[in-house]
Structures are given as structure tokens and as C-alpha cells.
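Dear colleague,

Please find below the structure that I am handing over to you. My notes on it follow.

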Amino acid sequence: MDNTGKQGLTVNLLYMGKKEETKLQANIEVTDFGPIKITGNFLFRDMKRGTEDVKGEVYLCGCGKSGNQPYCDDSHKNK
Amino acid sequence: MERDDKQFSGGRKYRNNEITVYWKPSACVHASYCYRELIEVFDPSRRPWVDMDGASTDRIIETVNMCPTEALSWKWNDEKKNLEVDKDQLNHINFRRRELMEQVDEVSDEKPVTVKIMADGPILIKGDFSLTYNGNRKEVHESMISLCRCGTSFHLPFCDGQHRKTGFNG
């Protein structure tokens with residue numbers, strides 16, 4: 001359900017800086033149980049598999065069912 | 001006001017004969033370093049969940065220093081020793097807030113966002129970014145969030161620690 005403009009998204013911030021003029025480096029898009037899409041300027045570290053890369057775009061699993069963790073493999077579409 | 005020697009405002013504290021560990025649950029993001037690294041001391045399924053007799057003081061300090069937030073911090077019981085603690089002791093109570101601010105200060109223009117996949121846990125995202133959740137977009141500056149990867153959180157899209165209870169493997 002798209003409720004853009006009706007209610008703002010409350011973000012659970014772990015800590016918050018002071019400046020608000022800093023330039024956004026990346027965009028994160030999440031939908032319930034769908035993949036987590038990250039694009040932009042970001043460093044990608046996988047603590048379980050011990051990798052570190054710079055990637056311009058990733059689709060991460062958000063449903064927990066992917067057979068190719070941490071990436072989405074479309075398993076969320078299988079009911 | 002401290003109600004007894006096991007509490008402080010915002011959390012609980014645990015002592016052995018050398019150090020005190022402070023636990024502030026509201027700051028926990030379930031990054032899971034503590035119990036993965038030292039289950040003998042930090043066992044979330046046990047009450048109390050911290051057993052200061054479970055490992056050496058060195059190991060406890062090492063593990064508390066891994067906590068990425070203010071949830072765990074420590075100090076020497078001997079106040080004189082606290083004056084000599086160096087900055088490499090990240091989660092020492094003297095540096096806790098300063099350390100967080102230093103991490104924030106590192107974020108300058110053009111600094112890449114860091115995306116960290118925690119083993120069998122959430123995604124920690126730090127820096128300047130936008131977050132769009134089910135069509136709602138919010139800009140986040142110089143901050144950190146923790147997103148659910150297992151799909152069982154009651155506070156989606158954020159992690160609430162459910163991955164441990166459901167045994168998420170990813």
C-alpha cells in the first residue's frame with residue numbers, strides 16, 4: 001500500500017550526526033519481504049563470507065529465504 | 001539514580017573483581033558480535049544474560065570493544081586505571097560517546113556509505129543515504145540503521161533481534 005505523503009517514515013536511527021546538508025551517497029529501497037536494493041557510492045562488507053567490495057548496485061535478500069545469501073534470488077516470490 | 005548496584009539509568013551493570021560492564025538495551029542493534037564472540041559470558045538465552053565469571057577480563061574487554069553501538073561499554077573498577085585507558089579501548093566508558101562522534105565526523109562529502117552484512121544477522125548501514133520503505137522516502141544524514149535480513153522482524157524494515165530466535169542462517 002503506497003501511503004507516500006500521508007505518513008512519514010519513522011527511521012530507527014542508531015545515532016545521528018549534526019549536519020543535514022551533507023550529500024546523499026546511496027539510496028536504499030525496501031519493500032516488505034522483497035529484496036533490499038542499494039545503489040550509489042557504498043562499500044559492501046560481508047562479515048560472514050569475509051568479502052569487501054565497492055559495488056554500484058546490489059539486491060539483497062530481505063525475506064531470509066534466498067539460497068544465495070546475502071543476495072536476492074527471487075525466492076520471496078515462491079509462496 | 002541508581003536503585004541498586006546492578007542498575008544504572010538506562011540499563012544494567014555487571015561486575016567481576018576487575019571491571020564493570022554496562023548494558024544499555026535501548027542502544028542494541030543485534031549486531032550479535034557479543035554472543036558470537038563470547039557465548040560463555042554473553043548468552044541472550046540465559047538470565048542474567050551476562051556472566052562475568054565466564055571468561056577472562058581480557059576476553060570480556062576485547063568482546064565489549066567490538067560492540068558497534070553504545071549498548072555495551074566497560075570500565076575498570078579501580079578508577080585510577082580508568083585515567084590511563086587509551087583510545088584503542090573503543091568501548092571504554094570514557095570514550096564511548098566520543099568514539100561515536102568520531103565515526104560520525106569521518107563521514108564527509110563524498111564519503112561512501114558502508115553496508116555491512118552481519119553474520120546470520122542484520123545489515124548495518126552507515127553514512128548519508130536515503131531510505132525508501134514501501135514508497136515512503138526519508139533522507140538520513142551521518143547516521144546508522146540496522147535492517148532486517150531474515151524477514152521475521154516485528155518492526156520491518158528494521159532489525160529487532162528476531163533472527164536469533166528463529167535461527168536465521170545467512
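Which residue is the bridge partner of A:F44 in β5(B)? It is B:V115. Please note that this is a predicted model, in which local features need pLDDT of at least 70 and side-chain atom pairs count only at pLDDT 80 or more, while totals for chains, interfaces and linings use all residues. Residues are numbered from 1 along each chain as its sequence is written, and chains are lettered from A and ligands numbered from 1 in the order in which they are written.

Strands are DSSP runs of E of at least two residues, numbered from the N terminus, and two of them pair if DSSP finds at least two bridges between them.

Strand β3(A), residues 51-60, lies largely in the open, because one of its 10 residues is buried (20 or more other C-beta atoms within 10 Å of its own, with C-beta atoms placed from the backbone).

As for the two chains, 44 residues of chain A are in contact with 48 residues of chain B (C-beta atoms, placed from the backbone, within 7 Å). To this side of chain A, β2(A) gives the most, with nine residues.

With kind regards

How values were computed. Buried ≥ 20, exposed ≤ 12 C-beta atoms within 10 Å, placed from the backbone. Helix = DSSP H or I, 4+ residues; strand = E, 2+ residues; numbered from the N terminus.
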